[in-house]
Amino acid sequence: MQLSFDYWLLRVRRLLLVLMVTASPALAQVDSAQTIVHLLDYVGVDYPEAVANGKVKNEDEFKEMVEFTAQAAALLKTLPENPRKTALVADAGKLAQLVRNKAAAEAVAASTRNLRWAVIDAYKLPVAPKTPPDLGAGAKLYQAQCAACHGAEGRGDGLAGVKLDPAPSNFQDRERMAQRSVYGLYNTITLGVKGTAMSPFGQLREEDRWALAFYVAGFTAETADGARGEKLWKAGNGRQAFPDWVNLATLSSNELKARYGEEATAIRSYLIGHPDAVTRDKPPPIAFAQQKLNEALDAYRKGNQAAAQQLAIKAYIEGFELIEASLANVDPELMREGERNMMMLRELIGTPMRRIDLAKRRLALAEPEPFTLANLTTKSLVLSSGRGMACRPGPSPGGISACPRRRSGSAPRTGRNAGRRPRPWP
Ligand code: HEC
């Protein structure tokens with residue numbers, strides 16, 4: 001049940017983030033806090049260029065890292081009072097110390113990451129777009145306002161950028177872009193980079209800045225990887241990583257890989273170019289659960305218990321669980337039954353085959369209906385078909401049943417089992 005617990009933690013955090021996005025914090029406060037996040041982002045990405053193996057690799061970069069972390073710490077002190085401010089200031093001090101001591105890149109990356117999230121959390125910064133970014137609008141804006149420096153294809157080779165030092169970023173640089181989140185790009189677009197030709201574009205509307213950030217991120221995302229991601233996404237994968245835009249916006253490709261595996265980065269590539277798919281292509285949760293249960297059965301039959309277990313967990317977490325709350329309103333007993341059945345299924349997958357055979361035989365004696373996984377969720381399926389939610393079998397007041405007609409494959413039960421609830425497994 002460890003996974004379930006982690007998942008809930010994650011969901012609570014994500015919910016909090018979503019709430020933050022909709023909250024409207026005082027603007028000035030957002031500005032400084034956003035600048036801190038922005039500085040931390042840069043330190044996380046650029047530090048390995050400055051220090052390697054405890055030695056300064058590039059003096060200028062190192063000075064910048066020292067300056068950025070000192071600035072972040074100083075700015076933090078100026079933020080409005082907040083119950084977590086003291087701890088944040090202390091952590092910022094520790095980070096600045098790590099950088100001055102030329103600590104290992106992993107330690108600095110972890111420290112910047114933690115502090116960045118803590119600031120976002122404490123000061124309720126918006127981290128994801130509120131509406132699907134319009135990439136068409138992003139492309140137009142890019143050509144009009146950015147291509148002169150960054151180049152028509154984002155290679156950092158625009159005519160106006162030729163003599164600039166530092167040079168305009170190359171958005172086709174895969175290694176660097178894999179470390180950048182869309183939110184990080186959005187922050188750069190909003191706040192600019194002090195001391196460079198990259199001026200702030202805060203005067204553009206928020207939607208336009210998000211559209212630009214997604215468009216820019218798309219230069220490396222739209223590739224063969226994206227095509228694979230599209231297939232994966234359309235087959236119903238990646239819903240845990242991308243239930244909304246928060247992870248898509250806030251996690252870099254590298255962070256996603258570490259947290260959700262390689263497939264998630266391919267799906268990210270696709271979704272960056274099609275952010276509206278996050279809300280559009282959600283399969284109905286029960287259909288998804290059904291599909292994963294069938295796959296679990298397949299895996300189980302092939303003797304792959306571990307895969308079957310994972311698929312059954314997926315069926316629950318990314319399928320059934322999503323409708324639990326609404327189902328509980330309509331039919332709490334059915335909700336609990338579904339929950340029990342899914343749990344029993346997970347337990348059974350971990351049970352030696354011999355015991356299941358025995359249980360099956362016992363069940364077959366008592367219940368002549370074919371024993372299939374599908375039986376477990378048939379009722380939930382009926383419920384999920386929309387009309388089914390309000391539908392109770394039996395004549396309605398007008399004498400006509402309000403229920404959709406049964407498909408021929410699931411004829412009503414007759415004979416001695418008519419009207420009986422399917423039994424839970426032993
Ligand atoms: C006058 C030239 C110029 C224009 C116009 C310009 N930029 Fe930049 N941009 C730069 C430079 C130079 C940098 C590199 C700053 C640095 O080295 O830190 C940069 C950096 C960036 C970065 C950071 C990339 C990273 O890897 O961190 C983003 C994102 C960005 N620009 C987006 C835009 C967008 C979007 C526009 C148009 C709205 C735009 N820029 C317009 C010069 C320009």
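Reader: What makes Arg116 buried?

Author: Arg116 has 24 within 10 Å, so Arg116 is buried. Bear in mind that this is a predicted model, where local features need pLDDT of at least 70, side-chain atom pairs count only at pLDDT 80 or more, and totals for chains, interfaces and linings use all residues. Numbering starts from 1 along each chain as its sequence is written.

Reader: Where is Arg116, and what does Arg116 touch?

Author: Arg116 sits in helix H5, residues 105-123; helices are DSSP runs of H or I with at least four residues, numbered from the N terminus. Leaving out residues up to four places away in sequence, Arg116 touches Val37, Leu40 and Asp41, where contact means C-beta atoms within 7 Å. Gln34 is 82 residues away along the chain, with 9.5 Å between the C-alpha atoms of Gln34 and Arg116.

Reader: How do you know that the span of H16 agrees with what 17 residues should give?

Author: The expected span is 1.5 Å times one less than the number of residues. For H16 (residues 285-301) that should be 24 Å, and the end C-alpha atoms are 24 Å apart, so the two agree. Buried residues in H16 include Ile286, Ala289, Gln290 and Leu293. After H16 comes Gly303, with a positive phi near 85 degrees.

Reader: Which residues are closest to the ligand?

Author: Cys146, Cys149, Pro166, Ser169 and Met198, out of 23 surrounding residues (C-beta atom within 6 Å). Helices H7, H9 and H10 each supply at least two residues of that shell.

Key
A residue is buried if 20 or more other C-beta atoms lie within 10 Å of its own, exposed if 12 or fewer, and partly exposed in between; C-beta atoms are placed from the backbone. Two residues are in contact if their C-beta atoms, placed from the backbone, lie within 7 Å.
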